[in-house]
Amino acid sequence: MFVWSKRLVAALLGLFALTLGILLLNTAPDNTSGLKAYMTGWMAINYLGLIMWVFVWMIDQTRMRGKNVWVWLLPFVLAPLPTLMLFVLFLQRRLRPL
C-alpha cells in the first residue's frame with residue numbers, strides 16, 4: 001500500500017484535471033461521435049466492471065483497517081479516479097498511537 005508517493009498522486013491528480021479541462025474546452029456541443037454504438041456499449045460495460053472491482057478493493061482495504069468505506073461511495077461514483085487517489089492517500093496517513 002505504500003507504493004504511492006504523495007508527489008506521484010499530486011502529479012496524477014493534476015494531469016487528470018488538465019486532461020479533463022482540455023477535453024471539455026475542445027468539445028463542441030454540436031459535434032457527434034464517430035464511435036459505433038456497440039463500441040460505446042462495450043466501453044461502458046468494461047468501465048462499470050472496473051469501477052465495481054475497484055470499489056470492492058476499497059471495501060477490502062477499509063475492512064482490514066477498521067475504517068468506513070461508505071463515506072467514499074458518493075465521491076467515488078461522481079469521480080472515481082481522483083477519489084481513488086485521495087482514498088489511497090487517506091489510508092497512508094500515519095496513525096497516532098493512543
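Predicted model: local features only at pLDDT ≥ 70, side-chain atom pairs only at ≥ 80, totals over all residues.
User: Which residues of H4 are buried, then?
Analyst: In H4, the buried residues are Pro80, Pro82, Thr83, Leu84, Met85, Phe87, Val88 and Leu91. For Phe87, the relative accessibility is 0%, so this residue counts as buried under the 20% cut-off.

User: How many residues does H4 have, and what distance does it reach?
Analyst: H4 has 12 residues and reaches 16 Å from its first C-alpha to its last. That is close to the 16 Å expected at 1.5 Å a residue.

User: Let us step back. How many helices and strands does the protein chain have?
Analyst: The chain has 4 helices and 0 strands. Read from the N terminus, its elements run α-α-α-α.

User: And what share of the residues is buried?
Analyst: Of the 98 residues in the protein chain, 19% are buried. The accessible surface comes to about 8200 Å², and 71% of that surface belongs to carbon and sulfur atoms.

User: What share of the contacts joins residues at least 24 apart?
Analyst: The share is 62%, taken among contacts between residues at least 6 apart in sequence.

User: Where is Leu13, and what does it touch?
Analyst: Leu13 is found in helix H1, which covers residues 6-26. Not counting residues up to four places away in sequence, Leu13 touches Pro82, Met85 and Leu86. The C-alpha atoms of Leu13 and Pro82 are separated by 6.2 Å, although these residues are 69 apart along the chain.

User: Is Leu13 buried or partly exposed?
Analyst: Leu13 is partly exposed, with a relative accessible area of 23%.

User: Changing topic: how many aromatic pairs does the structure hold?
Analyst: The structure holds 5 aromatic pairs. One of them joins Phe55 and Trp70, whose ring centres are 5.7 Å apart and whose planes stand at 55°, so the pair is tilted.

User: Which parts does that pair tie together?
Analyst: Phe55 lies in helix H2 (residues 37-65) and Trp70 in the loop between H2 and H3, so the pair ties together parts that are 15 residues apart in sequence. Phe55 is buried, with a relative accessible area of 10%, whereas Trp70 is exposed at 54%.

User: What about Trp57 and Phe87?
Analyst: Trp57 and Phe87 form an edge-to-face pair, with 6.1 Å from centre to centre and 75° between the planes. Trp57 lies in helix H2 and Phe87 in helix H4 (residues 80-91), so this pair ties together parts that are 30 residues apart in sequence. Trp57 is partly exposed, with a relative accessible area of 30%.

Conventions. Residues numbered from 1 in each chain as written. Heavy atoms only, no water. Helix = DSSP H or I, 4+ residues; strand = E, 2+ residues; numbered from the N terminus. Buried < 20%, exposed > 50% of the residue type's maximum accessible area, 1.4 Å probe, protein only. Contact = heavy atoms within 4.5 Å. Areas by Shrake-Rupley, 256 points an atom, 1.4 Å probe, with all protein chains shown as cover. Phe/Tyr/Trp six-rings, centres within 6.5 Å; stacked < 30°, edge-to-face > 60°. Expected span 1.5 Å × (residues − 1).
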